[in-house]
Amino acid sequence: MTTATAPTTAAPVSMKALLEAGVHFGHQTRRWDPRMKPYIFTERNGIHIIDLQQTVPLLQQAMDFARSIAARGDTVLFVGTKKQAQESIEQEATRCGMPCVTNRWLGGTLTNFQTIESRIDHLLRLEDRRDRGEFAMMIKKEAGKLLEEIEKLNRYFGGIKSMRKLPGALFIVDPPMERIAVTEGLRMKTPIIAMCDTNCNPNEIDYPIPSNDDAIRAVKLIASRIADAILEGRTLENYATEADDTEGLEMSQFTASGTFSASPDDPGPQVAADDEPAPAPAPPAAAPAPPATPPPSDG
(Lines give C-alpha, C1' and ligand atoms only; values in the text may rest on other atoms or scores of the structure.)
Protein backbone atom coordinates (compact mmCIF):
# COMPACT_ATOMS: atom_id res chain seq x y z
CA MET A 1 0.00 0.00 0.00
CA THR A 2 1.45 3.33 -1.03
CA THR A 3 1.34 6.23 1.39
CA ALA A 4 0.52 9.71 0.06
CA THR A 5 3.09 12.37 0.83
CA ALA A 6 2.10 15.90 1.77
CA PRO A 7 2.64 18.41 -1.06
CA THR A 8 5.16 21.19 -0.69
CA THR A 9 4.28 24.87 -0.99
CA ALA A 10 6.00 26.87 -3.71
CA ALA A 11 8.41 29.60 -2.68
CA PRO A 12 7.06 33.16 -2.81
CA VAL A 13 7.84 35.20 -5.91
CA SER A 14 10.95 37.34 -5.64
CA MET A 15 11.07 41.07 -6.19
CA LYS A 16 13.79 40.54 -8.80
CA ALA A 17 11.41 38.46 -10.92
CA LEU A 18 8.76 41.18 -10.64
CA LEU A 19 11.25 43.85 -11.72
CA GLU A 20 12.42 41.82 -14.70
CA ALA A 21 8.83 41.33 -15.84
CA GLY A 22 8.07 45.05 -15.59
CA VAL A 23 5.38 44.62 -12.93
CA HIS A 24 6.34 47.96 -11.32
CA PHE A 25 5.38 50.18 -14.30
CA GLY A 26 2.03 51.91 -13.92
CA HIS A 27 -0.01 54.19 -16.16
CA GLN A 28 0.61 57.82 -16.92
CA THR A 29 0.03 60.09 -13.95
CA ARG A 30 -2.94 61.77 -15.61
CA ARG A 31 -4.75 58.43 -15.91
CA TRP A 32 -4.43 57.32 -12.33
CA ASP A 33 -7.15 56.46 -9.82
CA PRO A 34 -6.52 58.24 -6.49
CA ARG A 35 -7.71 55.13 -4.62
CA MET A 36 -4.51 53.40 -5.81
CA LYS A 37 -2.33 55.97 -4.02
CA PRO A 38 -1.36 53.62 -1.13
CA TYR A 39 0.17 51.21 -3.66
CA ILE A 40 2.19 53.79 -5.65
CA PHE A 41 5.85 54.21 -4.77
CA THR A 42 6.77 57.31 -6.81
CA GLU A 43 6.36 59.08 -10.14
CA ARG A 44 9.03 59.06 -12.83
CA ASN A 45 8.89 60.72 -16.27
CA GLY A 46 5.14 61.13 -16.04
CA ILE A 47 4.56 57.45 -15.14
CA HIS A 48 3.62 56.07 -11.74
CA ILE A 49 5.87 53.38 -10.24
CA ILE A 50 4.11 50.66 -8.25
CA ASP A 51 5.45 49.75 -4.82
CA LEU A 52 6.63 46.15 -5.22
CA GLN A 53 7.21 45.81 -1.49
CA GLN A 54 3.44 45.69 -1.21
CA THR A 55 2.94 43.62 -4.35
CA VAL A 56 4.96 40.67 -2.99
CA PRO A 57 2.87 40.02 0.16
CA LEU A 58 -0.41 40.81 -1.60
CA LEU A 59 0.44 38.35 -4.36
CA GLN A 60 1.23 35.74 -1.71
CA GLN A 61 -2.16 36.36 -0.07
CA ALA A 62 -3.90 35.92 -3.42
CA MET A 63 -1.98 32.68 -4.03
CA ASP A 64 -2.94 31.34 -0.60
CA PHE A 65 -6.59 32.13 -1.27
CA ALA A 66 -6.51 30.51 -4.73
CA ARG A 67 -4.88 27.45 -3.18
CA SER A 68 -7.65 27.19 -0.58
CA ILE A 69 -10.34 27.52 -3.28
CA ALA A 70 -8.84 24.67 -5.30
CA ALA A 71 -8.28 22.54 -2.18
CA ARG A 72 -12.00 22.53 -1.40
CA GLY A 73 -12.89 21.49 -4.96
CA ASP A 74 -14.10 24.81 -6.38
CA THR A 75 -12.97 26.48 -9.60
CA VAL A 76 -11.27 29.80 -10.31
CA LEU A 77 -12.51 31.51 -13.48
CA PHE A 78 -9.67 33.26 -15.34
CA VAL A 79 -10.79 36.43 -17.14
CA GLY A 80 -8.58 38.39 -19.54
CA THR A 81 -9.99 39.63 -22.84
CA LYS A 82 -7.38 42.28 -23.67
CA LYS A 83 -4.93 41.37 -26.41
CA GLN A 84 -1.89 41.33 -24.12
CA ALA A 85 -3.55 38.85 -21.73
CA GLN A 86 -5.47 36.45 -23.99
CA GLU A 87 -2.71 33.96 -24.73
CA SER A 88 -1.23 33.89 -21.21
CA ILE A 89 -4.64 33.53 -19.55
CA GLU A 90 -5.68 30.69 -21.85
CA GLN A 91 -2.39 28.82 -21.39
CA GLU A 92 -2.30 29.10 -17.60
CA ALA A 93 -6.00 28.27 -17.17
CA THR A 94 -5.57 25.19 -19.35
CA ARG A 95 -2.44 24.16 -17.45
CA CYS A 96 -4.23 24.17 -14.09
CA GLY A 97 -7.52 22.80 -15.47
CA MET A 98 -9.62 25.91 -14.83
CA PRO A 99 -12.19 27.68 -17.06
CA CYS A 100 -11.32 30.96 -18.74
CA VAL A 101 -12.85 33.83 -20.71
CA THR A 102 -10.45 35.32 -23.26
CA ASN A 103 -12.68 36.59 -26.07
CA ARG A 104 -15.58 38.50 -24.61
CA TRP A 105 -17.39 38.46 -21.29
CA LEU A 106 -21.03 37.70 -21.99
CA GLY A 107 -23.43 39.55 -19.74
CA GLY A 108 -25.09 37.10 -17.38
CA THR A 109 -22.24 34.61 -17.25
CA LEU A 110 -22.64 34.60 -13.47
CA THR A 111 -25.99 36.27 -12.81
CA ASN A 112 -27.83 34.24 -15.48
CA PHE A 113 -25.77 31.08 -15.40
CA GLN A 114 -28.79 28.86 -16.11
CA THR A 115 -29.12 30.32 -19.62
CA ILE A 116 -25.37 30.15 -20.19
CA GLU A 117 -25.40 26.50 -19.12
CA SER A 118 -28.16 25.69 -21.61
CA ARG A 119 -26.07 27.13 -24.45
CA ILE A 120 -23.06 25.13 -23.28
CA ASP A 121 -25.19 21.96 -23.34
CA HIS A 122 -26.29 22.82 -26.88
CA LEU A 123 -22.66 23.22 -27.91
CA LEU A 124 -21.69 19.89 -26.36
CA ARG A 125 -24.55 18.12 -28.15
CA LEU A 126 -23.50 19.57 -31.49
CA GLU A 127 -19.90 18.51 -30.95
CA ASP A 128 -21.06 15.03 -30.01
CA ARG A 129 -23.08 14.74 -33.22
CA ARG A 130 -20.08 15.92 -35.21
CA ASP A 131 -17.76 13.43 -33.54
CA ARG A 132 -20.16 10.56 -34.20
CA GLY A 133 -20.15 11.40 -37.91
CA GLU A 134 -23.76 12.55 -38.21
CA PHE A 135 -22.74 15.64 -40.18
CA ALA A 136 -21.34 13.42 -42.93
CA MET A 137 -24.84 12.09 -43.60
CA MET A 138 -26.33 15.59 -44.01
CA ILE A 139 -26.37 17.74 -47.08
CA LYS A 140 -23.32 19.94 -47.39
CA LYS A 141 -25.12 23.22 -46.75
CA GLU A 142 -26.84 22.03 -43.57
CA ALA A 143 -23.64 20.52 -42.17
CA GLY A 144 -21.77 23.74 -42.96
CA LYS A 145 -24.27 25.81 -40.97
CA LEU A 146 -23.90 23.54 -37.96
CA LEU A 147 -20.10 23.71 -38.17
CA GLU A 148 -20.29 27.52 -38.26
CA GLU A 149 -22.55 27.44 -35.20
CA ILE A 150 -20.07 25.23 -33.35
CA GLU A 151 -17.25 27.63 -34.21
CA LYS A 152 -19.25 30.63 -33.04
CA LEU A 153 -20.30 28.98 -29.78
CA ASN A 154 -16.73 27.87 -29.09
CA ARG A 155 -15.58 31.46 -29.56
CA TYR A 156 -17.67 32.55 -26.58
CA PHE A 157 -18.17 29.38 -24.54
CA GLY A 158 -15.12 27.27 -25.43
CA GLY A 159 -13.22 28.29 -22.31
CA ILE A 160 -16.12 27.68 -19.90
CA LYS A 161 -17.82 24.62 -21.38
CA SER A 162 -16.26 22.50 -18.61
CA MET A 163 -17.73 24.79 -15.92
CA ARG A 164 -20.81 23.01 -14.58
CA LYS A 165 -21.41 25.33 -11.62
CA LEU A 166 -20.65 28.87 -10.53
CA PRO A 167 -16.95 29.45 -9.86
CA GLY A 168 -15.56 29.81 -6.37
CA ALA A 169 -13.52 32.88 -7.35
CA LEU A 170 -12.56 35.12 -10.27
CA PHE A 171 -9.05 36.02 -11.41
CA ILE A 172 -9.29 39.18 -13.53
CA VAL A 173 -6.71 41.06 -15.55
CA ASP A 174 -7.51 44.80 -15.86
CA PRO A 175 -10.73 45.26 -13.81
CA PRO A 176 -11.72 48.56 -15.54
CA MET A 177 -11.81 46.77 -18.89
CA GLU A 178 -13.69 43.80 -17.39
CA ARG A 179 -16.23 46.03 -15.67
CA ILE A 180 -19.18 43.69 -16.32
CA ALA A 181 -17.32 40.74 -14.84
CA VAL A 182 -16.45 42.74 -11.71
CA THR A 183 -20.06 43.92 -11.33
CA GLU A 184 -21.43 40.39 -11.64
CA GLY A 185 -18.85 39.08 -9.19
CA LEU A 186 -19.85 41.71 -6.65
CA ARG A 187 -23.55 40.99 -7.15
CA MET A 188 -23.06 37.22 -6.76
CA LYS A 189 -20.64 37.77 -3.83
CA THR A 190 -17.93 35.85 -5.67
CA PRO A 191 -14.43 36.66 -4.35
CA ILE A 192 -12.27 38.49 -6.88
CA ILE A 193 -8.51 38.28 -7.39
CA ALA A 194 -7.32 40.96 -9.80
CA MET A 195 -4.21 42.58 -11.23
CA CYS A 196 -4.75 46.24 -10.36
CA ASP A 197 -2.85 48.87 -12.31
CA THR A 198 -2.72 52.50 -11.21
CA ASN A 199 -6.04 53.25 -12.98
CA CYS A 200 -8.04 50.67 -10.97
CA ASN A 201 -10.28 50.87 -7.93
CA PRO A 202 -8.81 48.36 -5.43
CA ASN A 203 -11.73 48.80 -3.01
CA GLU A 204 -13.92 46.57 -5.22
CA ILE A 205 -11.37 43.75 -5.26
CA ASP A 206 -11.11 41.20 -2.46
CA TYR A 207 -7.48 40.31 -3.26
CA PRO A 208 -5.87 43.14 -5.27
CA ILE A 209 -2.41 42.58 -6.77
CA PRO A 210 -0.82 45.98 -7.58
CA SER A 211 0.91 45.34 -10.88
CA ASN A 212 1.28 46.35 -14.49
CA ASP A 213 -1.60 44.75 -16.44
CA ASP A 214 -0.43 45.87 -19.90
CA ALA A 215 2.89 44.02 -20.20
CA ILE A 216 2.69 40.46 -21.55
CA ARG A 217 5.52 39.28 -19.31
CA ALA A 218 3.89 40.75 -16.21
CA VAL A 219 0.55 39.09 -16.97
CA LYS A 220 2.31 35.80 -17.68
CA LEU A 221 4.20 35.92 -14.39
CA ILE A 222 1.23 36.73 -12.16
CA ALA A 223 -1.10 34.31 -13.94
CA SER A 224 1.47 31.51 -13.72
CA ARG A 225 1.85 32.04 -9.96
CA ILE A 226 -1.91 31.87 -9.47
CA ALA A 227 -2.03 28.72 -11.61
CA ASP A 228 0.78 27.16 -9.56
CA ALA A 229 -1.15 27.85 -6.36
CA ILE A 230 -4.27 26.23 -7.85
CA LEU A 231 -2.29 23.12 -8.81
CA GLU A 232 -0.97 22.92 -5.25
CA GLY A 233 -4.53 23.22 -3.96
CA ARG A 234 -5.72 20.38 -6.18
CA THR A 235 -2.86 18.24 -4.91
CA LEU A 236 -3.97 19.03 -1.36
CA GLU A 237 -7.51 18.00 -2.29
CA ASN A 238 -6.29 14.64 -3.62
CA TYR A 239 -4.10 14.16 -0.55
CA ALA A 240 -7.04 14.85 1.78
CA THR A 241 -9.23 12.44 -0.20
CA GLU A 242 -6.67 9.66 0.12
CA ALA A 243 -6.35 10.35 3.83
CA ASP A 244 -10.14 10.13 4.27
CA ASP A 245 -10.25 6.85 2.35
CA THR A 246 -7.67 5.19 4.65
CA GLU A 247 -8.95 6.70 7.91
CA GLY A 248 -10.27 4.09 10.34
CA LEU A 249 -8.67 1.13 8.57
CA GLU A 250 -6.55 -1.28 10.63
CA MET A 251 -3.44 -3.07 9.46
CA SER A 252 -5.13 -6.40 10.24
CA GLN A 253 -7.44 -5.73 7.30
CA PHE A 254 -4.44 -5.73 4.95
CA THR A 255 -2.82 -8.94 6.34
CA ALA A 256 -3.94 -12.52 5.85
CA SER A 257 -5.42 -14.29 8.84
CA GLY A 258 -4.10 -17.60 10.11
CA THR A 259 -0.66 -19.08 10.84
CA PHE A 260 1.74 -19.91 8.02
CA SER A 261 5.03 -21.78 8.04
CA ALA A 262 7.69 -22.44 5.45
CA SER A 263 8.30 -25.99 6.71
CA PRO A 264 7.22 -28.79 4.35
CA ASP A 265 5.97 -30.77 7.37
CA ASP A 266 3.53 -28.07 8.32
CA PRO A 267 -0.04 -28.98 7.31
CA GLY A 268 -0.77 -25.45 6.11
CA PRO A 269 -2.81 -22.52 7.38
CA GLN A 270 -4.55 -23.20 10.65
CA VAL A 271 -8.22 -22.36 10.41
CA ALA A 272 -9.93 -20.96 13.47
CA ALA A 273 -12.51 -23.14 15.16
CA ASP A 274 -15.30 -20.67 14.47
CA ASP A 275 -14.40 -20.63 10.80
CA GLU A 276 -14.08 -24.45 10.46
CA PRO A 277 -16.36 -25.62 7.65
CA ALA A 278 -19.17 -28.04 8.46
CA PRO A 279 -18.53 -31.68 7.49
CA ALA A 280 -19.96 -32.74 4.18
CA PRO A 281 -23.16 -34.81 4.43
CA ALA A 282 -22.79 -38.58 3.99
CA PRO A 283 -23.93 -39.97 0.61
CA PRO A 284 -27.34 -41.68 0.68
CA ALA A 285 -27.36 -45.49 1.19
CA ALA A 286 -27.84 -47.60 -1.89
CA ALA A 287 -31.29 -49.21 -2.29
CA PRO A 288 -31.40 -53.05 -1.67
CA ALA A 289 -31.42 -55.26 -4.77
CA PRO A 290 -34.77 -56.93 -5.59
CA PRO A 291 -34.97 -60.72 -4.88
CA ALA A 292 -34.13 -63.02 -7.73
CA THR A 293 -37.12 -64.85 -9.26
CA PRO A 294 -36.74 -68.62 -9.80
CA PRO A 295 -36.69 -69.85 -13.39
CA PRO A 296 -39.92 -71.51 -14.59
CA SER A 297 -40.06 -75.29 -14.26
CA ASP A 298 -40.21 -77.56 -17.36
CA GLY A 299 -42.98 -79.84 -15.87
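**Notebook: around Ile89**

I started with Ile89, which touches Phe78, Val79, Gly80, Cys100, Thr102, Phe171, Val173 and Ala223, leaving aside residues up to four places away in sequence. Contact here means heavy atoms within 4.5 Å.

A note on my source: this is a predicted model, where local features need pLDDT of at least 70, side-chain atom pairs count only at pLDDT 80 or more, and totals for chains, interfaces and linings use all residues. Residues are numbered from 1 along each chain as its sequence is written, and side-chain values use heavy atoms, with hydrogens and water left out.

**The helix of Ile89.** I looked up α3 (residues 83-95) and found Ala85, Ser88, Ile89, Glu92 and Ala93 buried. Buried means under 20% relative accessible area, exposed over 50%, and partly exposed in between (1.4 Å probe, protein chains only). Helices (H or I, at least four residues) and strands (E, at least two) are DSSP runs, numbered from the N terminus. Just after α3, I noted Gly97 with a positive phi of about 70°.

**The core.** Which residues have the most contacts inside the largest nonpolar core? I found Phe78, Ile89, Phe171, Ile193, Ile226 and Ile230, in a core of 35 residues. α7 (216-246) is one of the elements that each supply at least two residues of this core, and α7 gives the most, with nine residues. A nonpolar core is a set of buried Ala, Val, Leu, Ile, Met, Phe, Trp, Tyr and Cys residues joined through side-chain atoms within 4.5 Å.

**The sheet.** Next I traced five strands, which form an open, parallel sheet in the order β5-β4-β6-β7-β8. Its edge strands are β5 (100-101) and β8 (207-210), each pairing on one side only. Two strands pair if DSSP finds at least two bridges between them; β4 and β6 have four bridges, in the parallel sense. I was pleased to meet Phe78 again: its bridge partner in β6 is Phe171.

**Two loop residues.** Is Asp174 buried or exposed? Asp174 counts as buried because its relative accessibility is 9%. I found Asp174 in the loop between β6 (169-173) and α6 (179-187), with a positive phi near 65° although it is not a glycine. Lys189, in the loop between α6 and β7 (192-196), also is not a glycine and has a positive phi of about 55°. Lys189 counts as exposed, because its relative accessibility is 75%.
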